Amino acid sequence: MKKVRPFSPNTADAPWLKSCLIAFAVLVVLVIVVLPFASVIVQAFSEGPSIYLTLLRSSDMQVAVLLSLKLAAIAVPLNAIFGILLVWGMTHTQLPCRRFIMALLDLPFSVSPVVVGLLFIMLLGKNAPLGGWLEEHGVQVIFAFPGLLLATIFVTLPFVARELLPLMEGQYRQEEEAARLLGAGWWRIFLKITLPEIKWGLLFSIILSLARALGEYGAVAVVSGNIRGKTNTLPLHIEALFNDYELTAANAAATLLALLGVITLTVRIVAELKKKRDSNEH
Amino acid sequence: MSSPDNSLTPHLTLGIGLTYVCLIVLVPMAALAIRMATVPFHDIVESLNSVRVISAFKLSFGLSLLAALANTLLGLPLAWVLARYTFPGRKVIDALIDMPFSLPTAVAGIALCGLYGPEGWLGTAFERIGVQIAYTPAGIFVAMLFVGLPFVVRTVQPIITNMDFSLEETGACLGASRWYVFRRVILPTLRPALLTGFSMAFARGVGEYGSVVFIAGNIPEVSEIVPLLIVSRLESYDFTGAGALSLVMLLASFVMLLLINMLQRRMAQ
Amino acid sequence: MRKVAPESENSWKKTDYGPNKGVLAVDKEKVRISPKHNLLSTDFNMRIFPLFLLLCVAVFAGDLLNVSYDPTRELYKEFNQAFEAHWAAIGNGKIHVDQSHGGSGKQARAVIDGLAADVVTLALGRDVDAIAQYAKLIPPDWEGRLPNHNSPYTSTIVFLVRQGNPKGIKDWDDLLKPNVKVITPNPKTSGGACWNYLAAYEWGRRHGGETAAVEFLRQLFKHVPVLDSGARGATLTFTKRNIGDVLLAWENEAFLSLKENPKRGFEIVYPSLSILAEPSVSIVDKNVDKKGTRKAAEEYLNFLYSQTGQTIAAKNFYRPSRPELVPAEYLEKFKQMEMIDIRTFGGWEKAYKDHFAEGALYDQISKK
């Protein structure tokens, strides 16, 4: 006779399947992600840890690190502020061309970084009308900080807005309406109702865009001009070190960037734990 | 849906946000369009119609399609494991998924080169079975696999986490096997996310430059990708050619986004 | 960050609003325009974020910018220090030279699009021509403003092979032996690769005429498994990644590989015929006039022809154009052999049109 199990619906996977899947996942991550990293780390330490001291003492390296940090420190908050404004506006008005805006926001994800660099050269390069005009007035955009900044902004543009859009969509409208009836201003509503709701999403997206801003290579390479100690960002400096036969130093610098990745990931894990605690308290 | 607010503030913020996005995204594209509009159409077609260009497009699109497919197949179980199971080290694996994202692509290229090159750990292993990865199209595939993986996992994982258990339970109560429930209940729910992840991995693969140029052989008609062709044309003063290729890449991105959007809408219905 | 001179650290706040009390020459340029125009970038940034000014100092504080090609990294590292000392010694005060390196074509392109180079020291006359032609930053008759066709140092193309020369490569025709893999950068983006290509073409032409030359090149490029975009990339592919049996390289790059890889062991093979590779240098007239750096830029290039400059070039494995100034010990390593030069091909303009332009010979032979 067939055994009936009416009250224990089988929504859990069989233990063997579970083990297999876990093993598979670990293997995939190991081969695709961990091994390349491990090779970088092994190379970096092939001459002992003193390479880090030498590296950090080099002025070109310091400039590169500072430049990358500055780019991220300006681009990411700008994108966050304008992203919040945009999404707030989109979710509080009825706009006919929403799909178009969404496609626009997705574009920086899907455009090749090389094309991004090319676009800015065509707009602001010396031989473009606008670029030529700026040049005449003594403003250098391409091959200088503003160009690097524009490229960084472009590639990190969608992160915050795309993450917040689903979070802010249609949520907490009743609370907002109530608050408005009670006479609360937009700013107050944003601070008291919207922000608490989106803060974790906002934090994650900021962390992701930070990582992307610091690591961007393709777009920045096209508009940088590669002046060492001036317009070389950290990724570009790593490439320069590699080309200078400083293989160990290049790998060591790369581990610094990877370390940054680890830091952002740690922040993320901590934030996730906190978020869980937050929602448990409610 | 609630009624629109008749206040000025949201319109204002929308306006500001939209202006910003347009300034950053649309204006440069318009610049490209305007510059290319001054070039006779014939010249544009001419610069695209060569075996070298066509094989570069085939290579870029074909390989990133393959890589995105592979990433979807690998990413789904990965996302499932991370979302559903608890096991020691889960958080670490979860965190590692984002690593390809934070490593500069050039460094990724150098790292992959070291790994799959003739003296690398995996390179020697593959060499023994007579397969060369670095400096062949297979190397390009490996690089695309590396940069695309987080996209699939990160779009699918939250959907699995937030999935409604009751449907699964109902299915199971009605006597459906786990496999049947997966195929009929879980997979359809995940399909839009899978599609998004696939398309993002695909788009990233098509445009990827930094990691690919290091590991690809860059031989015309064999292992030369479109972004490299753009760079090499730009560097040999062939402005029209570089612009034409960029235009095609941009259009391709646009069309793809549109298609995905439409597919998703149809699935949602 | 690079250390800024102490006075300038104190004065940058003043310079913020008072033009011409500049920090360094280039900063003045930036600051002077600020009070009136350019709301969007300079002025806005300075007032709203003082950080931006610091940044501008960091980004623009160079006095001279030398935009160069790939293998000259080590040469100019040494030469720039010597020049900075020399400039101070002849009573002109402090100067700092910034460097940018990359494939020669890419670098010329960057200057055309506005990279503010004071001097360019590129791999080919063609790339300087391009700056003159497309951006008109340099007069068209630049070649000849300095001795020796504007080449303070020259080099040639040699073969770098693995220790013991296991594949027995002696001359150009050996490159077509079965199972020989040849490494060269991409002639579309690398100056060195153009010299490689032209030397190979001439060898082919002398051994059977034009058709044979084309066929020789077609076969040669079938033996190339990787085309890097710059000479240094190709060298690293050969020496570090261990790909290929022979590297077609600048002589200086080949010598440097011997020096950098003492353990691996490489050997230089001189083919029966090679080409006199003449890297071209020039000041970028429009840029130096705008920045007011003409005097320093001219002195910089002249110093390349001085005894110090020539010796540094020879030490870094470049053939000095005035060997009589250089101690004999640095010259011994340069082997004499038969060399053609770019005039054989009718000058760069013609050579470029015939071989490297879109759809020209290189494009044809690289088709399957």
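1. Let us start with the sheet in chain C: four strands make an open, mixed sheet, ordered β2-β1-β3-β9. Strands here are DSSP runs of E, at least two residues long, and helices are runs of H or I of at least four, both numbered from the N terminus. Strands count as paired if DSSP finds at least two bridges between them. The edges are held by β2 (97–100) and β9 (280–283) of chain C; each has a single partner strand, so one side of each has no neighbour in the sheet.

2. A word on the source: this is a predicted model, in which local features need pLDDT of at least 70 and side-chain atom pairs pLDDT 80 or more, while totals for chains, interfaces and linings use all residues. Residues are numbered from 1 along each chain as its sequence is written, and chains are lettered from A and ligands numbered from 1 in the order in which they are written.

3. Back at the sheet, β1 (residues 64–68) and β2 of chain C run parallel and are joined by four bridges. Here Leu65(C) faces Asp98(C) of β2(C).

4. Chain C is assigned domain 1 (6–60), domain 2 (64–151 + 279–330) and domain 3 (154–277 + 337–365); such bounds come from an automatic or database assignment. The centres of domain 2 and domain 3 of chain C, taken over C-alpha atoms, are 25 Å apart.

5. Where these two domains of chain C touch, domain 2 gives 23 residues and domain 3 gives 22, contact meaning C-beta atoms, placed from the backbone, within 7 Å. On the domain 2 side, α6 (104–112) and α7 (125–135) of chain C each give two or more residues, and α7(C) gives the most, with four.
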